[in-house]
Amino acid sequence: MGKGNKIRIVVLQRESLVASGAPSLSVAARITEVLDYLVSLGEVEYVTISEKSDCAEKSIEWANVLILSKHNSVPGLMLSQFARRSGVKIIYDIDDWIFSFPSYSGGRLNSKKAFAQDIIALAHVVTVANSELEKRVKERLYGVSPVLLPNGMWVERYLEGSCGPGKEARAPRIVFTNADFLKVQNARDGILTALQVFFTRHPDYTLDFFGDPFPEMFSLPFLHFTNRIPYDSYMRALAAG
């Protein structure tokens, strides 16, 4: 344990599985968001480091716990093996199905060179975001008993000034977010048509889109494209109205 018996944690950052070159958003949404709250209570201390960093092993030597989120790479596997040899506990978190990807997904190429199951085999605890993942992980991975850990959000940290829970946005606004192209495949035409009709009838509204670009967005003049932004910036943009 660290000073004052705080748990020392290393969070391993990685490249997004669906957007090449971009850092993972799941690491922030699922892990560091919660850890920041625990830090505020004085219960833990943590560092975030890339799985490709030359200092990753030194960080693991400092830690009591290593947390990974959907890691499937050789560096992730090697660092997990190092953590095991060093007596560091390993938590592996899953908030999406990573063992296969549909043809339109940006993750389909990554799935061909995945080491996720090898890393999971080294984990002391596997956490999942919802009951469907809990069921499917049990079916897919023999001997793994995942722990259901729903998403958490430290809402208060994003509220500033007069902004507060239950207050409406300053302007009529709809927010749409997506991190793996436009996933709505079967009803794509219907949804795009509905958006066109809605915004024709309600020109005072805007649609703020956060995520990876998709071809049809250029035919939607009411759509404000923001691309990928860091998780905390995204949350503050939502809270700002």
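Let me begin at one pair of residues: threonine 127 stands opposite valine 147 in strand 6. Strands here are DSSP runs of E with at least two residues, and helices are runs of H or I with at least four, both numbered from the N terminus. This is a predicted model, in which local features need pLDDT of at least 70 and side-chain atom pairs count only at pLDDT 80 or more, while totals for chains, interfaces and linings use all residues. Residues are numbered from 1 along each chain as its sequence is written, and side-chain values use heavy atoms, with hydrogens and water left out.

I turn to the sheet. Strand 5 and strand 6 (residues 147-148) pair in the parallel sense over 2 bridges; two strands are said to pair if DSSP finds at least two bridges between them. Valine 128 has leucine 148 as its bridge partner in strand 6. On strand 4, tyrosine 92 has valine 126 of strand 5 as its bridge partner, and strands 4 and 5 pair in the parallel sense over 4 bridges. Overall, 6 strands form an open sheet in the order 2-1-3-4-5-6, with parallel pairing. Strand 2 (44-50) and strand 6 each have a single partner strand, so one side of each is left without a neighbour in the sheet. Strand 5, helix 5 and strand 6 make a right-handed β-α-β unit; right-handed means that, with the strands pointing away from the viewer, the path from the first strand over the helix to the second runs clockwise.

Next, strand 3 (residues 65-69), which holds isoleucine 67. Is this residue buried or exposed? Isoleucine 67 counts as buried because its relative accessibility is 9%, where buried means under 20% relative accessible area, exposed over 50%, and partly exposed in between (1.4 Å probe, protein chains only). Beyond neighbours within four places in sequence, the contacts of isoleucine 67 include Val11, Ile31 and Ile91, contact meaning heavy atoms within 4.5 Å.

Helix 3 (residues 74-85) comes next. Its 12 residues should span 16 Å at 1.5 Å a residue, and its end C-alpha atoms are 17 Å apart, which agrees; the expected span is 1.5 Å times one less than the number of residues. Serine 73 caps the N-terminal end of helix 3, with a side-chain oxygen 3.1 Å from the backbone nitrogen of glycine 76. After the helix comes glycine 87, with a positive phi near 75°. Buried residues of helix 3 include Leu77, Leu79 and Phe82, and the buried residues of this helix pack against strand 1 (7-13), helix 2 (56-62), strand 3, strand 4 (89-94) and helix 4 (116-120).

Glutamate 33 counts as buried because its relative accessibility is 2%. Leaving out residues up to four places away in sequence, glutamate 33 touches, among others, Trp154, Arg157 and Tyr231.

Conventions
Polar contact = N/O pair within 3.5 Å; in protein donor to acceptor, adjacent residues only side chain to side chain.
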